[in-house]
Protein chains: 2
Amino acid sequence: MRFEVLVLGNSSATPIFERHPTSQVINYNEQLFLIDCGEGTQMQLSRYGIKSNRIDHIFISHLHGDHYLGLVGLVSSMHLVGRKADLHIYGPAPLQEILELHFKYSETVIRYNIIFHPTNPEKEEVIFSSRMMTVKSFPLIHRIPCTGFRFDEGKRSASILAEKVEPLNIPKPYYSLLKKGIDYVDPQGNVHQAAALTVPGPASRSYAYCSDTVRHPIYLPSIQGADLLYHESTFLDEMRDRAKETFHTTCLEAAEIAKESQVKKLLLGHYSARYKTLGPLLEEAQTVFPNTELSIEGKWYLV
Amino acid sequence: MRFEVLVLGNSSATPIFERHPTSQVINYNEQLFLIDCGEGTQMQLSRYGIKSNRIDHIFISHLHGDHYLGLVGLVSSMHLVGRKADLHIYGPAPLQEILELHFKYSETVIRYNIIFHPTNPEKEEVIFSSRMMTVKSFPLIHRIPCTGFRFDEGKRSASILAEKVEPLNIPKPYYSLLKKGIDYVDPQGNVHQAAALTVPGPASRSYAYCSDTVRHPIYLPSIQGADLLYHESTFLDEMRDRAKETFHTTCLEAAEIAKESQVKKLLLGHYSARYKTLGPLLEEAQTVFPNTELSIEGKWYLV
């Protein structure tokens with residue numbers, strides 16, 4: 001079951017060196033989610049072959065331009081290419097007012113439904129839930145209200161051990177119950193334990209997204225144990241004071257956070273315009289948390 | 001004296017095939033003006049080596065997203081890179097409200113002055129004037145209020161005919177008066193006619209910009225005789241009905257407009273997403289107006 005993240009933009013506020021403002025696509029079993037939507041996101045989607053109308057859920061962390069200025073353009077283009085499906089947007093409450101002002105003056109009547117879900121920057125909340133995926137928003141600490149997002153996969157199905165089940169002549173309709181851990185009782189009253197007839201499903205996976213934020217313990221419980229953590233790492237640690245002042249994080253801090261929250265892998269991003277080459281950012285983080293990777297635009301990362 | 005136009009985006013509303021929404025830079029004698037500012041303009045400026053802080057005047061035609069959604073990002077980036085100079089923005093009145101709403105929710109206090117000049121979509125007006133350049137806005141006919149822009153160079157200086165002036169021992173300070181056509185009277189009372197001692201300056205040049213608009217006679221006087229006319233040409237003429245319906249122009253119509261208004265050269269642009277290759281658009285226009293060129297992103301066009 002595919003669970004991957006495509007990085008569309010890894011730049012901080014001033015895009016430079018062909019890096020773009022923040023946006024990411026999550027592909028979970030061919031269902032696409034978008035996190036943040038910086039300026040140019042619709043062009044980046046097109047560049048990397050993602051049809052925008054496959055996206056039904058968009059999550060916006062906060063209202064700094066580099067995280068949302070591509071939203072009006074994307075939503076308008078979805079309209080122009082004939083979208084009919086509902087679009088769910090999750091983000092800070094005033095985002096709705098901003099969208100509506102654009103539509104008012106461009107005299108645009110979007111031909112599909114936009115369902116707006118205001119996020120809560122004060123506490124963790126479940127904002128989306130389907131059979132196989134739960135998304136939570138949680139508070140980050142930035143200059144303006146901001147939330148991170150965590151994507152948790154549902155429990156993955158166990159597999160039937162055919163060589164054990166078939167000789168017992170268990171009727172096929174019971175297989176799905178066995179997979180759920182429900183024992184089978186045959187007509188003679190014999191109990192066949194599900195645990196003995198199945199292999200447990202693989203562990204459920206989780207992806208956590210933190211951008212933008214200063215380092216702060218408040219959000220550690222929300223990212224605890226994630227398989228993949230994307231954490232902003234705007235600066236090298238020599239700029240730690242500047243990071244604090246601007247409510248951002250250094251690479252070393254991101255690595256320390258990854259370690260403290262026991263995530264399996266760290267993905268860096270939201271690079272300051274002062275860094276043309278990114279090698280030193282990775283090296284710094286790896287001194288504390290070796291399983292770190294640089295997010296590169298156009299690349300898919302396994303969760 | 002340089003007078004050129006750099007096309008940053010030539011796409012209509014849905015950007016595709018690596019084409020970008022509308023934006024252009026005018027370089028007049030190293031003073032830069034920006035016309036329209038579609039999503040991604042700041043990245044396009046960076047791609048083509050234009051420092052955004054060299055731009056002091058931005059002209060926005062109308063409030064469809066593909067003509068202005070890059071403005072908030074550009075203005076914010078100018079702030080982030082330490083701009084101090086005033087920035088003049090000319091555009092539809094509600095643009096100011098849109099900008100202010102973004103700054104309110106992103107809690108941004110721009111550190112330089114933005115001077116907003118609302119344009120008048122009802123009649124032609126001079127909106128900018130310097131010693132060597134006058135800019136007018138004029139009404140176009142689109143689904144929402146929209147203006148074109150015309151850039152007229154001031155009178156260009158005559159040149160002194162050194163071989164005629166030097167034998168007369170005319171004092172150097174009088175040269176600039178001769179260039180302006182003022183005759184020199186020597187101490188003996190002899191009149192030396194400026195016309196005989198100078199070569200007239202080259203003709204003044206003009207650039208007209210029309211995007212977006214349906215074909216309409218109302219704006220022909222405003223573009224009359226321009227050296228270079230950029231005119232939107234969203235569709236091939238087989239889509240003439242669709243062009244009317246959406247208040248756009250076909251390539252053939254753009255060529256007819258160029259002919260009727262006696263411009264010297266026509267530049268096509270604002271291409272619909274339905275055209276991957278642009279050759280047929282050019283061919284169609286050239287059947288009526290041979291001196292037509294396709295606008296290509298990243299290319300400078302002489303006025």
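Predicted model: local features only at pLDDT ≥ 70, side-chain atom pairs only at ≥ 80, totals over all residues.
I then turned to contacts, meaning heavy atoms within 4.5 Å, and found 36 residues of chain B touching 35 residues of chain A. I noted that 97% of the interface residues of chain B are also interface residues in chain A, so the copies meet through the same surface.

For salt bridges (a side-chain nitrogen of Lys or Arg within 4 Å of a carboxyl oxygen of Asp or Glu) I recorded two between the chains, one of which joins Glu18(A) to Arg47(B) at 3.1 Å, N to O.

Last, I checked the symmetry, with the copies superposed by least squares on the C-alpha atoms of residues with pLDDT of at least 70 in both: a rotation of 180 degrees with 0.0 Å of shift along its axis brings chain B onto chain A with an RMSD of 0.1 Å, which is the relation of a two-fold axis. Gly40(B) is the residue of chain B that comes closest to this axis, at 2.6 Å by its C-alpha.

On conventions, residues are numbered from 1 along each chain as its sequence is written, and chains are lettered from A in the order in which they are written. Local features need pLDDT of at least 70 and side-chain atom pairs pLDDT 80 or more, while totals for chains, interfaces and linings use all residues, and side-chain values use heavy atoms, with hydrogens and water left out.
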